[in-house]
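Please view the structure first.

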Amino acid sequence: MSAGDWNPAAIPTSCEDVHGDCRWMSMHNRFVSESKGKEPDVLFVGDSLIQLMHEFGVWRNLFSPLHSLNFGIGGDSTQHVLWRLGNGELDYISPKVVVLWVGNNNYGHTSEQICGGIMAIVQIIKNKLPNAHTLVLGLLPRGKMPNPLRERNDSVNKLVKEAVSALPHASFLNVDPGFVLSDGSISHQDMYDYLHLTPRGYQSVCETLHDHLKSMLDKPGEN
């Protein structure tokens, strides 16, 4: 993509209230309200893989001790996260690290567009939290057997890894412990619906993430 290309994945967009219950906007407003008076060291932002992390033991055992906040909303695409962060969710906190995990739900967008959306989020975090470091997590493989979305996610990861490589305020982390087996399949014991993680799947992902975050937070001058 050239700099002048229109990219829907990088245009801040509030989520359409297709069900009529205003849940998405209510969650956004709750995040803004909950952030007031909080002093998190780590902020987790993204889609359902971030949101559901809060429901498992790994959050309590690994990330709560790091003084973490979870701003994940299921179904979010890059443009939705971009809107949320530009409309108050970063205004009252100063985390040292922002963990970003999003892009799986950008259906209909190319790998280049998704990368552009992720990098737009990295930029708004830099603008609003100049002293924070953004840790972009790689998209996981998905689907029981090989499929185009796996290929898309792999392409996004390569593009994002290259895009952040020269940035002092951002980095990329591959958290896939090897979910794809030798026959190309993914086990339901790791991803119960071949997209969302089981407790075992979260444990495998989050142990690596926790160790990386600890090393970042413990390193003098990292942030």
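## Helix packing

α1 and α4 are oblique to each other. This is a predicted model. Helix α1 spans residues 23-35 and helix α4 spans residues 78-89. The two pack at an angle of about 40°, and their axes are 10 Å apart. The crossing is right-handed.

On the α1 side, the contact is made by Trp24, Met25, His28, Phe31, Val32 and Ser35. These meet His80, Trp83, Arg84, Asn87, Gly88 and Glu89 of α4. By class, the residues of this contact divide into 5 nonpolar, 5 polar and 2 charged.

A second pair is formed by helix α5 (residues 111-128) and helix α6 (residues 148-164). Their axes come within 9 Å and cross at roughly 45°. α5 passes α6 in a right-handed crossing.

From α5, the residues in contact are Ser111, Glu112, Ile114, Cys115, Ile118 and Met119. From α6, they are Arg152, Ser155, Val156, Leu159, Val160, Ala163 and Val164. The α5 contact with α6 has 9 nonpolar, 2 polar and 2 charged residues.

The two pairs are set out below.

| Helix pair | Crossing angle | Axis distance |
|---|---|---|
| α1 and α4 | about 40° | 10 Å |
| α5 and α6 | roughly 45° | within 9 Å |

## Cysteines

How many disulfides does the structure hold? There are 0. Take cysteine 22. The closest cysteine sulfur to its own is that of cysteine 15, 11 Å away. A disulfide needs the two sulfur atoms within 2.5 Å, so this distance is too far for a bond.

Is cysteine 22 buried, exposed or partly exposed? Its relative accessible area is 41%, so cysteine 22 is partly exposed. Cysteine 115 counts as buried, at 9% relative accessibility. Cys115 is also one of the α5 residues that meet α6.

## Proline 40

Where is proline 40 found? Proline 40 lies in the loop between α1 and β1 (42-46). Its relative accessible area is 5%, so proline 40 is buried.

Which residues does proline 40 contact, leaving aside neighbours within four places in sequence? They are His67, Leu69, Ile93, Ser94, Pro95 and Lys96. For lysine 96, the separation from proline 40 is 56 residues in sequence. In space, the two are 7.9 Å apart, C-alpha to C-alpha.

Key. Residues numbered from 1 in each chain as written. Predicted model: local features only at pLDDT ≥ 70, side-chain atom pairs only at ≥ 80, totals over all residues. Heavy atoms only, no water. Axes fitted to C-alpha atoms, helices over the stretch in contact; angles between N-to-C directions. Helix = DSSP H or I, 4+ residues; strand = E, 2+ residues; numbered from the N terminus. Left-handed = near helix turned anticlockwise from the far one by under 90°. Contact = heavy atoms within 4.5 Å. Nonpolar A, V, L, I, M, F, W, Y, C, P; charged D, E, K, R; others polar. Buried < 20%, exposed > 50% of the residue type's maximum accessible area, 1.4 Å probe, protein only. Parallel < 35°, antiparallel > 145°, perpendicular 65-115°, else oblique.
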